[in-house]
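Student: I have a protein model to study. Can we work through it by question and answer?

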Amino acid sequence: MKVYFPQWQGSGIGTNIEPGAKAVLNFLNDDDFLEIPLSKIEAGPQGKQLYAINNYEAIVEQLTRFKEILKTEQPNTLKTIGGDCGLEIVPVSYLNKKYPNLGVIWFDAHADINKPCDSASCNFHGMPLRTLLGEGEPYMNSLLSSTILASQIHYVGLRDIDEPEQLRINEGNIYAPKTLNIPELIQTLKDKEIKHLYLHFDFDCLEPNDYNKTYYQVPNGLKIKDAEECIVRLQEQFEIVGSSVLESITTKTEELAPISKIIKLLMH
């Protein structure tokens, strides 16, 4: 199943996240993508904060919609164009229920593993992994089809980590290398007897000098060619049951040229 879900409310103000997702959809020109309608609840600068989460009500409304669609359709695989990283709690928890011990590969400059009370920004796109662990806002647990274990999380391109996030990474012995080592990543997954993968791809994992049309730019990122190689090697060795492309903000399809191969690898 292919999903277009341009959720932006998890990023707070969300400048260009929704039109950025639309540009990726236009680039692919694939009518198979099902659009998840966004909430009409006011969000952004005038949005309401609940439980230390900005735009909480809008996020919950549209994530509930996403979960109900998956419950009805029961797809075996998911490919999602987004949108901010907060949307991941629905597809990852759904696929983890279907494929226990799902390997979650988190291509991202950020750890996205804050509790709401620990997040300086109060933006939900910094909280999805903590929520997926069952350690986030309790009122959001009903959005989860399952919870994951720390051992299922594997970071690629991580380099901007809040102190509470680093503590949780250390506590869970979460795979978070300083540099990409593809053979080591593959062996780590095999040692855990992981056979199915979810590939989360926030474009800010990339080196800004390679691609800078992202919601955040963090220096010393992955080279595009290394990210492409990593995706291909993982596709060769494991069954990819879910993938996403997130938080690109260009509204011009021609500016997607540097990341066109990554988009096609993950969405075709």
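Student: Which residues line the largest cavity?

Tutor: A cavity is a set of points on a 1 Å grid over the protein atoms alone where a 1.4 Å probe fits but cannot get out, and a lining residue has an atom within 4 Å of a point. By that test, the largest cavity is lined by Ile41, Glu42, Lys48, Asn55, Tyr56, Glu57 and Ala58.

Student: What should I know about the model itself?

Tutor: It is a predicted model, where local features need pLDDT of at least 70, side-chain atom pairs count only at pLDDT 80 or more, and totals for chains, interfaces and linings use all residues. Residues are numbered from 1 along each chain as its sequence is written, and side-chain values use heavy atoms, with hydrogens and water left out.

Student: How does the lining of the largest cavity divide by class?

Tutor: Ala, Val, Leu, Ile, Met, Phe, Trp, Tyr, Cys and Pro count as nonpolar; Asp, Glu, Lys and Arg count as charged; the others, Gly among them, are polar. The lining of the largest cavity then divides into three nonpolar, one polar and three charged residues.

Student: How much space lies in the largest cavity?

Tutor: A volume is the space filled by probe spheres set on the grid points, which are joined across faces, edges and corners. The count of cavities of 30 Å³ or more comes to one. The space in the largest cavity is about 30 Å³.

Student: Which element gives the largest share of the lining of the largest pocket?

Tutor: A pocket is an open set of points with protein on both sides within 12 Å along at least five of seven lines. The largest pocket holds about 340 Å³. Helices (H or I, at least four residues) and strands (E, at least two) are DSSP runs, numbered from the N terminus; β7 (153-156) and α5 (163-171) each supply at least two lining residues. The largest share, three residues, comes from α5.

Student: Which residues lie closest to the centre of the second largest pocket?

Tutor: This pocket has about 300 Å³ of space. It is lined by 19 residues, and the closest to its centre are His110, His125, Gly126, Asp162 and Tyr216.

Student: Is Ser93 buried or exposed?

Tutor: Buried means under 20% relative accessible area, exposed over 50%, and partly exposed in between (1.4 Å probe, protein chains only). Ser93 lies in helix α3 (residues 89-98). Its relative accessible area is 0%, so Ser93 is buried.

Student: How far is the backbone oxygen of Ile89 from a polar atom of the Ser93 side chain?

Tutor: A polar contact is a pair of N or O atoms within 3.5 Å; within protein, one must be able to donate a hydrogen and the other to accept it, and residues adjacent in sequence count only if both atoms are side-chain atoms. The Ile89 oxygen and the Ser93 side-chain atom are separated by 2.6 Å.

Student: Which residues does Ile231 touch, leaving out those up to four places away in sequence?

Tutor: Ile231 sits in helix α7 (residues 224-237). Its relative accessible area of 0% makes Ile231 buried. Contact means heavy atoms within 4.5 Å. With that cut-off, Ile231 touches Phe107, Leu199, Phe201, Ile262, Leu265 and Leu266.

Student: What is the radius of gyration of the protein?

Tutor: The radius is taken over C-alpha atoms, and the globule rule is 2.2 Å times the number of residues to the power 0.38. With 268 residues, a compact globule would be near 18 Å. The protein agrees with that, at 17 Å.
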